[in-house]
Amino acid sequence: MRQNSRLRAGISLIEIMLAFLILVTATFSAAGVISFGHRGTVADFRQVEAMQILIDRMNKLMNMHFASLDSFLTSAGGNEYTFNNDIEGIVLGDEVKIDKNTYRVHATLKRQAIAFESLMELDFPNPAYVSASPSTWLFKDRPSAAFDGVANPYKIIKITVSVKPVGGMTDEREFTAVSYVADLES
Amino acid sequence: MNSHDKMQVSGNERADETVKYGDNSRRNGMALVIVLAFSSILLVLGVVYLRTFSQSTHISGLQLDQIQAEFFARGMQNIATFKIKRFPDFFLRAYRYHVYQNRVNAGDTDVSPPSNPFPNPSPFQKFTGAYPGRTNDLLQHMHPTEDSTLGFSTPLKVATWSTSFNLRSAEDFNRAFIEIDVYVQMEGRDLVSQYRMSLDASQTRKLPGS
């Protein structure tokens, strides 16, 4: 009878130790998952904020006239330049603070070479030509037009804005958007 | 005491213990079962949490694609507008000729036949840059080699883009609404997004000497 009681007590101890081991392992794993998720949630929040900064900076730069953007490049002294300091009240920099978070916000302006090919024009002389009647019109090819700073001045500026959350617990991705502003004034 | 008697005695002792301590054999392993059940619940919760988290990361990737596509499309609309402003006569005549050609091809008897055969590709196709055999046009997706040479769309990952023009006329084409549609498909996505811009345009004739 005493032997049986001892045996039962031994089994209970091993069982409790094993159960405790499993419980500790599961608890630590759960803590790890929660910690990973928390870091992910914080990173997600920063990413959403980074996208909002990206939209804001792109909209501000795209609302500027071609001449203003071009003058920034003239001041910088090149056809392409990455700005990491404020321009015209648009906040840029390596450490732009929004509340508790920090972002690297850069804007690259580039005089973009483009070419329009396959251009046409009305062919003259055309004795049958009547301005209001397309049936009388004759078309002919005309030379392509390049706006590359050589044949013609640049007329397009490419805007690239990149935003990257910095100083976080994880290395987060960079967000980039590209757009173009044309010279519609001249 | 023979062996049968010993077994009888042993059986009686167990029955006495059961009465005294209860049926402990049924409790053996209960702690393990409870802990395993608890661990399983934790595991399920952890998997659900991670899945939710990974889905939200995927959504932010889609949002970024949409933002990139929209800004790119707005830029292409600016370039298309620049082309119209730079070559207004070509655009307007090519569009009117395109409408006229469509009416003739549809058998409209109200319009007179062309004095010369219709050119192929048509002037309007040449304006838009979208016609068979042309694989490299600024407004209709550039060839990757030229794109990388000019650094036009980099660092964006745009799979393809195209531009279409429409002219809604009023006052016999003296006043019009120009619609520029840009279609953008980002790399790795099936969705083709359409972005429309409308311009209210009027035509004025420049008199000689003015």
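**View 1. Helix α3 of chain B in the predicted model.** Just after α3(B), B:G107 adopts a positive phi of about 80 degrees. Helices (H or I, at least four residues) and strands (E, at least two) are DSSP runs numbered from the N terminus.

This is a predicted model, in which local features need pLDDT of at least 70 and side-chain atom pairs count only at pLDDT 80 or more, whereas totals for chains, interfaces and linings use all residues. Residues are numbered from 1 along each chain as its sequence is written, chains are lettered from A and ligands numbered from 1 in the order in which they are written, and side-chain values use heavy atoms, with hydrogens and water left out.

**View 2. The largest nonpolar core.** A nonpolar core is a set of buried Ala, Val, Leu, Ile, Met, Phe, Trp, Tyr and Cys residues joined through side-chain atoms within 4.5 Å. Of the 49 residues in the largest core, those touching the most other members are A:F116, B:F72, B:M76, B:I79, B:F152, B:F165 and B:V184. Helix α2 of chain B (residues 30–86) gives the most to this core, with eight residues. A second, separate core of 31 residues includes A:L61, A:F83, A:Y103 and A:L109.

**View 3. Surroundings of B:F152.** Neighbours within four places in sequence are left aside, and contact means heavy atoms within 4.5 Å. From chain A, B:F152 is in contact with A:Q112, A:I114, A:K158, A:V178 and A:Y180. Its contacts in chain B include B:F72, B:M76, B:I79 and B:W161.

**View 4. The interface between chain B and chain A.** The contact takes 64 residues from chain B and 65 residues from chain A. The buried area (accessible area, 1.4 Å probe, that two parts lose on being put together, summed over both) is about 5,800 Å², of which carbon and sulfur atoms give 65%. In chain B, B:F71, B:F82 and B:R93 lose the most area to chain A, together 12% of what that side buries.

**View 5. A salt bridge between the chains.** B:K126 forms a salt bridge (side-chain nitrogen of Lys or Arg within 4 Å of a carboxyl oxygen of Asp or Glu) with A:D141, the closest N and O atoms being 2.8 Å apart. The count between chain B and chain A is two salt bridges.

Key
Buried means under 20% relative accessible area, exposed over 50%, partly exposed in between (1.4 Å probe, protein chains only).
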